[in-house]
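Let's take a look at the pockets of this protein. Which elements line them, and with what kinds of residues?

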Amino acid sequence: MTAGKADTARRYRLYPTAGQAERLTEWGHTCRAVWNIALEQRQFAWAQRRHTMRAVEQNLHLTQARSDLDWIADLPAQSAQQVFINLDRTYDNWWNPNHPAGVPKRKKRKASLAVSFPGQAVEMRRLNLHWGAVRLPKIGWVRFRMSRSLGGTLRNATVTVNGAGTWHVCFGVATGMTVAPPNGLPACGVDFGVACSAYVSDEDAPRMMAPTLAKGEQARLLGLERRKDRQLTYAKKHNGGKYSRRLRKTLTAIASLKSRQAGRRLDFTHKLTTDLAKNHGRVGIEDLQVKNMTASAKGTNEEPGINVRVKARLNRAVLDNIPGERRRQLEYKAPLFGSELLAVPAPYTSQTCSACGVVDKASRPGCGREFACTACGHQQHADKNAALNIEGKARRAAGLNSTRRHTVPSHRESGRRLREPLAGAA
């Protein structure tokens, strides 16, 4: 087997018994509590003495806590220590100016839980072609669906459960992967959208993601959401906010539908990103600021927003296509297949003619699917036109001469028509 640090992950569906699931759930809540206590301890030490605590120091306090508190002692010591290591990493990311992570925060009580184990605390074996088992401390062997081979040396394991009660185990694996040499395949640009999930510049039809929920499932989800609102209102008025069994059953049903929706969404995304990275030498995408794109339009009481419901529907549609997750997957898949990912500036890709380079917002009125250049009369599917512009930007970002006849302008005057040919255009 290959030695070294974990460089990839393998995620499998876990099937614990009722007793094992109950204990793992308790451990998940304990890990959350240990995280919150450790975070408060670090904040207090810094506020009072300007002292920065790290995992090594908190491990000493953990020994005392395990002797005093039975509920902490029940959690494997390696899992509690892993909480401190994860907190160290969270602080390191926050202190890194090049990392987008924010201030470490407390973990709220919720249905999704996680318990981590180092590699030396767990053992994995294959039972047959389709099943495997993992041995966890104090629990024993737990079966999981062996949907693919491990492909390396086991370095760590994390057991998780979502709101629908679905368990998974994720193994950190050292496979010894290296960056593949350039594959020499053609480049492409990809326009991620809402009406068209993805349009690749060298294809003649968009790639459409099937609805993540069928009509019947959408109707059921809507009914469950309305039922949840009624039950929450009743709980606040009559039960002091305490959740009833019926309310918890409703929340579980909602989580089950959303888990199914997320699985279908990720299935399409993985197939899309793998195909793009495997069959192209360079993939250009827009450098989208998803957080800004999906900001709420409700405004304030003094200045309420307009078209709030329309903007909310658009935000849901944008997030349903998970452009951030697509970029994340391309970032790690492209080097494995000898490809290169380039994120280019997004402005004007939809308003620029891919044939003559003229920028005019009138070429694409509204949010229609057709692009008709007001300067040269070029007509094309709007998303295909944008994908070609993204490909051209990616080529220039890579230091290559564009195969297009124009240079996409970099100025920010989108409302003005540019009738004159751009400098350097043929």
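## The second largest pocket

Helix α4 gives the most to the lining of the second largest pocket, with 9 residues. Helices (H or I, at least four residues) and strands (E, at least two) are DSSP runs, numbered from the N terminus. Two or more lining residues also come from each of β1, α1 (18-49), β2 (113-118), β6 and β7, with α4 itself spanning 77-95.

This pocket holds about 1,100 Å³ of space, the volume being what probe spheres set on the grid points fill, with points joined across faces, edges and corners. Its lining has 37 residues, and Gln82, Asn86, Ala114, Ser116 and Thr158 lie nearest the centre. A pocket here is an open set of points on a 1 Å grid over the protein atoms alone, where a 1.4 Å probe fits, with protein on both sides within 12 Å along at least five of seven lines; lining residues have an atom within 4 Å of a point.

By class, the lining splits into 14 nonpolar, 16 polar and 7 charged residues. Ala, Val, Leu, Ile, Met, Phe, Trp, Tyr, Cys and Pro count as nonpolar, Asp, Glu, Lys and Arg as charged, and the others, Gly among them, as polar.

## The largest pocket

About 1,400 Å³ of space sits in the largest pocket. Of its 28 lining residues, Ala9, Arg11, Leu266, His270 and Tyr332 are the closest to the centre. Helix α6 supplies the largest share of this lining, 7 residues.

The lining comes to 10 nonpolar, 9 polar and 9 charged residues.

## About the model

This is a predicted model: local features need pLDDT of at least 70, side-chain atom pairs count only at pLDDT 80 or more, and totals for chains, interfaces and linings use all residues. Residues are numbered from 1 along each chain as its sequence is written, and side-chain values use heavy atoms, with hydrogens and water left out.
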